Amino acid sequence: MATFVRLLGFLRDYRLGVWVSGVLAVLAMVATVAIPGLTGAAISAIQAGDRDRLRLLAIAIVAAGVLRLGLTVARRLVAGRVSLGVEVDLRNRVYEHLLGLELGFFDGQQTGQLMSRATVDLQSVRFFLGYGLVLISQAALTVVFAAVALVVINPVLALISLFPIPFVIWIAQRYGRRARPALQEVQQRIGELTAEIEENVGGIRVIKAFAAEDRRERRFSHSVTRVFEQSMISTRMRAFYNPFIGFLPQLGLAALLLVGGRMVINGSLTLGEFTAFYGYLLMLLAPVRTLGWTLGLAQRATASGARLFELLDREPRITAAPDATLLPPGTGRVELRDVSLVYGEDHDAEPALHDVSLTVEAGTTLALVGATGSGKTTLVQLIARLYDPTSGAVLVDGADVRTVDPHALRAQVAVVNDDPFLFSASVHENIAYARGGASREEVVEAARRAQAHDFIATLPDGYDTRVGERGLTLSGGQRQRIAIARALLANPRILVLDDATSSVDASTERQIKQGLGAVMAGRTTFVIAHRLSTIALADEIAILDAGRLVDRGTHDELLRRSPFYREIVEKGMPDQVFLTRKPREPEVAGL
Ligand SMILES: Nc1ncnc2c1ncn2[C@@H]1O[C@H](COP(=O)(O)OP(=O)(O)OP(=O)(O)O)[C@@H](O)[C@H]1O
Ligand SMILES: [Mg+2]
């Protein structure tokens with residue numbers, strides 16, 4: 001019920017439209033209600049042989065019909081506008097809310113579930129608010145009007161023929177209580193199904209490569225069956241309740257024929273009155289049935305609404321503080337104070353970072369090394385405040401990142417990771433993402449520095465080639481170079497290269513670094529790399545081991561005192577094939 005009331009809240013901005021369509025519905029109802037009355041009068045006129053009166057009544061019936069027609073068209077136009085308006089609002093609101101949520105939220109979500117909420121659930125809510133609500137009120141109004149007319153004509157007969165109505169209401173309520181949880185489960189399972197489809201499409205390369213089509217197919221058909229079974233439960237309920245709700249008033253009809261018919265025979269009721277009465281009772285039956293299925297609509301909307309509110313009620317945890325400031329002036333001094341981070345909600349879990357304290361002076365380059373899973377990516381993500389530390393603080397140019405507006409912060413921190421995402425847009429747009437409105441010259445300049453210009457020039461439409469989904473597929477190394485160009489274009493204070501050159505060959509990497517040498521000047525750079533050539537580029541090197549900062553120093557210092565670092569240099573990281581050939585690369589290290 002609370003969900004239902006909250007759903008009505010979405011209509012707040014459309015109060016006028018709702019009122020207007022309500023008034024139109026009432027007026028149309030008056031016209032509708034007039035018709036059986038006029039018909040009854042016409043029958044009396046026939047019996048009395050009054051031709052003039054009969055003609056007049058026929059005209060009145062047409063007039064009432066035309067009036068009703070006009071009012072109904074107007075009402076539908078107004079209600080349709082309300083419905084679509086609610087849809088626009090809801091879509092924008094859900095999408096805006098989703099975008100506002102922090103990265104940590106998405107870690108724990110299935111994309112398909114979110115998609116299903118943003119489409120299927122949204123649809124059922126707006127359909128109900130736009131149409132269902134009006135239909136329900138119209139049906140309820142019809143019932144009330146017709147009932148009043150019945151009582152006016154003959155109270156005793158009205159009592160007899162209306163006796164099934166309380167039972168109808170009781171059954172409808174019972175149905176509602178049972179149907180809602182069942183429907184909510186249907187929506188949930190549809191969400192699972194969407195998630196399954198999304199994974200199958202997204203993971204199609206892996207599925208094909210491992211010839212896992214059959215397995216996926218079985219999983220999928222399992223999900224389909226789950227939806228089917230749950231929908232069957234709902235359908236079975238509906239199959240029973242709906243016709244039952246339609247059936248009960250028929251009893252009233254039979255009672256009317258029996259009792260009212262006798263009254264006409266006795267002469268205590270005119271045939272005209274009887275016809276009018278019968279007309280009103282028939283008029284009452286249709287909306288009772290409508291009420292049956294629109295209540296189903298209401299159930300579904302409430303179930304969907306509950307799922308939408310679950311999403312909308314999830315407060316974003318990384319937001320701008322009310323007194324958030326811009327980043328103070330500086331060139332990117334980064335300080336981590338006793339930072340620990342536990343992913344997820346379970347605070348007893350093993351932290352991904354453990355009391356890390358680290359200061360990186362503005363304008364210097366720090367290389368982060370460590371085994372896979374040691375927390376390197378986690379550490380650099382804290383600088384852009386993609387996650388908040390569980391304890392401790394991260395400071396950029398002296399300001400705690402939690403006190404800075406996240407947008408202002410992120411404009412100054414550019415992160416390039418090992419598997420960069422490209423939007424389905426042109427190469428130019430993908431690079432210009434960092435700064436909307438960047439000119440072609442600026443984009444080309446950034447691409448040159450990232451060693452991307454040459455290969456972009458060979459693409460069919462150069463910088464206007466569409467890439468990403470439904471576009472040209474680029475190789476991993478090409479994507480990385482575009483992502484580096486994107487980061488360079490942002491001209492950030494802090495540049496984070498997280499395995500950003502892992503997919504490019506050694507000679508391209510050297511070229512990128514020659515380009516980077518110039519751009520690294522005057523900004524703080526974090527590089528995460530497995531190649532010694534890249535590591536040697538840094539002023540200092542920090543070693544992470546299982547979330548702890550175990551050592552930090554220059555290449556020479558670490559070579560002297562850290563057995564772990566010596567091992568890296570001597571044996572190389574596992575992916576160091578070229579290292580054994582060219583262990584030092586002095587020309588690069590000298591940048
Ligand atoms: N979004 C996340 N949710 C939960 N746990 C995570 C998440 N990201 C990373 N982890 C865990 O945190 C630990 C550190 O991961 P991180 O990605 O920082 O390692 P890394 O040093 O960057 O490794 P690699 O060299 O393989 O990139 C790992 O144990 C990982 O399983
Ligand atoms: Mg990583």
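In which sense does α7 pass α10, left-handed or right-handed? The crossing is right-handed. Before I go on, please keep in mind that this is a predicted model.

Let me stay with that pair of helices. Helix α7 covers residues 164-202 and helix α10 covers residues 271-312. They pack at an angle of about 35°, and their axes are 8 Å apart. On the α7 side, the residues that meet α10 include Val 168, Ala 172, Gly 176 and Leu 183. On the α10 side, the partners include Val 288, Leu 291, Gly 292 and Leu 295. Sorted by class, this contact has nine nonpolar, eight polar and three charged residues.

Helix α2, residues 15-48, and helix α5, residues 111-153, have axes that come within 10 Å and cross at roughly 35°. Here, too, the crossing is right-handed. From α2, the contact takes in Ser 21, Gly 22, Ala 25 and Val 26, among others. From α5, Val 134, Ser 137, Gln 138 and Leu 141 are among the residues involved. The classes here are nine nonpolar, seven polar and no charged residues.

Now the strands. There is an open sheet of four strands, in the order β2-β1-β4-β5, with antiparallel pairing. At its edges are β2 (353-360) and β5 (399-400), each pairing on one side only. Inside the sheet, β1 (residues 334-341) and β4 (residues 391-396) are joined in the antiparallel sense over five bridges. Arg 337 stands opposite Ala 393 of β4. Lying across β1, β2 and β4 is helix α11, residues 376-383, which runs at about 125° to β1.

Helix α11 also brings us to the ligand. Which element gives the largest share of the shell around ligand 1? That is α11, with three residues. The residues around ligand 1 include Asp 107, Tyr 343, Gly 344, Ala 352, Lys 376, Thr 377 and Thr 378. By class, the shell divides into two nonpolar, eight polar and two charged residues.

Last, another pair of strands. Strand β6, residues 413-416, runs parallel to strand β9, residues 494-498, and four bridges join them. Val 416 has Leu 497 of β9 as its bridge partner. Where do the residues of β6 point? Val 413 and Val 415 point one way, Ala 414 and Val 416 point the other way, and all are buried. Side chains in a regular strand alternate between the two faces of the sheet.

That is the end of the tour.

Key:
Residues numbered from 1 in each chain as written. Chains lettered and ligands numbered in written order. Predicted model: local features only at pLDDT ≥ 70, side-chain atom pairs only at ≥ 80, totals over all residues. Pairing = 2+ DSSP bridges. Helix = DSSP H or I, 4+ residues; strand = E, 2+ residues; numbered from the N terminus. Contact = placed C-beta atoms within 7 Å. Axes fitted to C-alpha atoms, helices over the stretch in contact; angles between N-to-C directions. Buried ≥ 20, exposed ≤ 12 C-beta atoms within 10 Å, placed from the backbone. Left-handed = near helix turned anticlockwise from the far one by under 90°. Nonpolar A, V, L, I, M, F, W, Y, C, P; charged D, E, K, R; others polar. Near = placed C-beta within 6 Å.
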